[in-house]
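I opened a notebook on this structure.

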Amino acid sequence: MKILVTGSNGQLGNEIKSILSAGCSEIGGNFTHLSNSDVDYIDIEQLDISLIDDVVAYVKNGNYDVIINCAALTNVDGCETNLSDLAFKVNALGARNLAIAADKIGAKLVHVSTDYVFDGNASKPYKEWDKKDPQSVYGNTKSLGEDYVRDFCKKYFILRTSWLYGYVGKNFVKTMLNAGRKNGSLKVVNDQRGNPTNANDLAHHILKLITTDEYGIYHCTGNGECTWFEFTQKIIEYSGINATVTPCSSSEFPTPTKRPSYSGLDNMMLRNTIGDEMRNWQDALKDYIKKVKL
C-alpha cells in the first residue's frame, strides 16, 4: 500500500508515523500488515496543499492508494482575527484540492475535522447526522472542508475529533503540566464540556479504516466527557504535581472566539462499523502522562 500523510509534523501525523514504525498502537492494535507500506510523510515544506495544480501533480506522481490529511490551521483565535484567509486556504481549499487529486487516481482520502462544525449548544453528544452550525471562522472553514471532501471525492473518511493531545508540539495537557509545575496553582474554566482525545487512539482508528471500504463521516473522540477544569484535575492528579486547581467561568478568560459550551461527540459510526476502541479519556490520559516528555 502506498500512503501519503500531509501535515505529518503535527500531533496526529507523528502518531501515525509512530504506529506504522512500531507495528502497534497504545491500544494494542496490530498494524504489522501496514509496516511494509510505502509512506510519504510531508508538510508545508514539501507541498502547499492550498495550490491545486501542485497537489494534483504531486498526488498523480505518487500514485497513492491512501491520502491521510492531518494538515490544518488549528489556531482558533488566530483564525478569528488575522488569519482568516490562511484558515480558508488550509482548512477548506486544502481539503478540496486533496479530494480532487485523490478522486483523479481513485485513492481513498482520510480527512480530519472537528467538533467546531457544530454550534456547541447541545445537551447530549452530537451524532454524525446532526446539523452542522459552525460559530467561528475556524469552524466554518473546517465545515467547508468537509463539504468539499464529500463533493469531490468518492472514497472518503471524515473523522471529527476534539480536545486532541499528542507527544509532539503544543497542547492543553502539556500547558497545564508546565503551568502546574511553575505556578503551583491553576484556574480553569468549568463551563465548557467535551471529549479529551489521545492522538495515538485517533491514529489507531484511522489506520484501521484505510484497509476497509467503510466510507463516510465518523466521530472519533475519547470515551466519556468532562469540563476543562475536570480534565485539568486529572492531569495534575496523574502527574503527581503539587498544584491546586480552581474552577472558574469562561467570562473570566475572554477570547476572540466563543468556545463551545458543549461539544461532546458520539462515536456512533465507529461502533456500527469497525468498532469503537477509543479508550476512556481518563485511561488514555494516564498512559500519556507516564510517557510524555516535556
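Entry 1: I began with Thr161, which counts as buried at 6% relative accessibility. I bear in mind that this is a predicted model. Thr161 sits in strand S5. I then listed what Thr161 touches, setting aside residues up to four places away in sequence. The list holds Val112, Ser113, Thr114, Asp115, Thr197, Leu202, Cys220, Thr221 and Leu265.

I moved on to Trp163, in the loop between strand S5 (156–161) and S6. Is Trp163 buried or exposed? Its relative accessibility is 11%, so I noted Trp163 as buried. I also checked its backbone. Trp163 has a positive phi of about 45 degrees, although it is not a glycine. Most residues other than glycine have a negative phi.

**Entry 2: other positive phi values.** I found Asn63 in the loop between helix H2 (52–62) and S3. Asn63 is not a glycine, yet its phi is positive, about 50 degrees.

**Entry 3: helix H1.** I tested the length of H1, which covers residues 11–22. At 1.5 Å a residue, its 12 residues should span 16 Å. I read 17 Å between the end C-alpha atoms, which agrees.

Which residues of H1 are buried? I noted Gln11, Leu12, Gly13, Glu15, Ile16, Ile19 and Leu20. I kept the helix repeat in mind: an α-helix has 3.6 residues a turn, so residues three or four places apart point the same way.

Next I looked for what covers these buried residues of H1. The cover includes strands S1 (2–6), S2 (38–41), S3 (66–69), S4 (108–114) and S6 (164–165). Helix H7 (199–209) is also part of the cover.

**Entry 4: helices H6 and H8.** Two packed helices are described by the angle between their axes and the distance between the axes. I looked up both values for helix H6 (residues 172–183) and helix H8 (residues 228–239). The angle is about 60 degrees, and the axes are 10 Å apart. H6 and H8 are therefore oblique to each other. I recorded the crossing of H6 and H8 as right-handed.

Which residues make the contact? From H6 I listed Phe172, Val173, Met176, Leu177 and Gly180. From H8 I listed Trp228, Phe231, Thr232, Ile235, Ile236 and Ser239. I sorted the residues of the contact of H6 with H8 by type: eight are nonpolar, three are polar and none is charged.

**Entry 5: two aspartates.** I looked up Asp287 in helix H10 (residues 281–291). Asp287 has a relative accessible area of 19%. The cut-off for buried is under 20%, so I wrote Asp287 down as buried. Not counting residues up to four places away in sequence, Asp287 touches Glu26, Tyr167 and Arg279.

I turned to Asp38, in strand S2. How exposed is Asp38? I noted a relative accessible area of 41%, so Asp38 is partly exposed. Leaving aside neighbours within four places in sequence, Asp38 is in contact with Met1, Lys2 and Ile3.

My last look-up was a distance. Asp38 and Tyr262 are 224 residues apart along the chain. Their C-alpha atoms are separated by 40 Å.

Key: Residues are numbered from 1 along each chain as its sequence is written. This is a predicted model: local features need pLDDT of at least 70, side-chain atom pairs count only at pLDDT 80 or more; totals for chains, interfaces and linings use all residues. Side-chain values use heavy atoms; hydrogens and water are left out. Helices (H or I, at least four residues) and strands (E, at least two) are DSSP runs, numbered from the N terminus. The expected span of a helix is 1.5 Å times one less than its number of residues. Buried means under 20% relative accessible area, exposed over 50%, partly exposed in between (1.4 Å probe, protein chains only). Contact means heavy atoms within 4.5 Å. Axes are lines fitted to C-alpha atoms, for helices over the stretch in contact, and angles run from 0 to 180 degrees between N-to-C directions. Angles under 35 degrees count as roughly parallel, over 145 as roughly antiparallel, 65 to 115 as roughly perpendicular and the rest as oblique. A crossing is left-handed if the near helix is turned anticlockwise from the far one by less than a right angle, and right-handed if clockwise. Ala, Val, Leu, Ile, Met, Phe, Trp, Tyr, Cys and Pro count as nonpolar, Asp, Glu, Lys and Arg as charged, and the others, Gly among them, as polar.
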